[in-house]
Amino acid sequence: MSTSPRILISGGGIAGNALALQLVRAGIRTTVVERAAAPRPGGQAVDLRGASREAAERMGLMPGIRRHQLDERGLDYVDARGRVYGRMS
């Protein structure tokens, strides 16, 4: 019988995958399950300031993040007809 822990994480979002990364780095066998058949279409702006940036730095993720980051200068909310109905700088 094995005494090493095996972890099951329910949810393949940011938190589930961040936890899995840390457990695997610590040598703990980890499985992530996700009920969604595929990633959600579209995207989500992720703001890395304060605690979230510190967490990404401590996890060693910033080099990969920098390779994929965008030069965001604002955000427009657009309706189905393509009309802007809200804006954030």
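A salt bridge here is a side-chain nitrogen of Lys or Arg within 4 Å of a carboxyl oxygen of Asp or Glu. By that rule, the count comes to 5 salt bridges. Bear in mind that this is a predicted model, where local features need pLDDT of at least 70, side-chain atom pairs count only at pLDDT 80 or more, and totals for chains, interfaces and linings use all residues. Residues are numbered from 1 along each chain as its sequence is written, and side-chain values use heavy atoms, leaving out hydrogens and water.

R58 is exposed, at 70% relative accessible area (exposed is over 50%, buried under 20%, partly exposed in between, with a 1.4 Å probe and protein chains only).

Now move on to the strands. R87 and D76 meet in a salt bridge at 2.6 Å, N to O. R87 belongs to strand β4 and D76 to strand β3, so the pair ties together parts that are 11 residues apart in sequence. R87 is exposed at 61%, while D76 is partly exposed at 37%.

Another salt bridge joins R83 and D79, whose closest N and O atoms are 3.1 Å apart. R83 is partly exposed, with a relative accessible area of 47%, and D79 is partly exposed too, at 25%.

Notes. Helix = DSSP H or I, 4+ residues; strand = E, 2+ residues; numbered from the N terminus.
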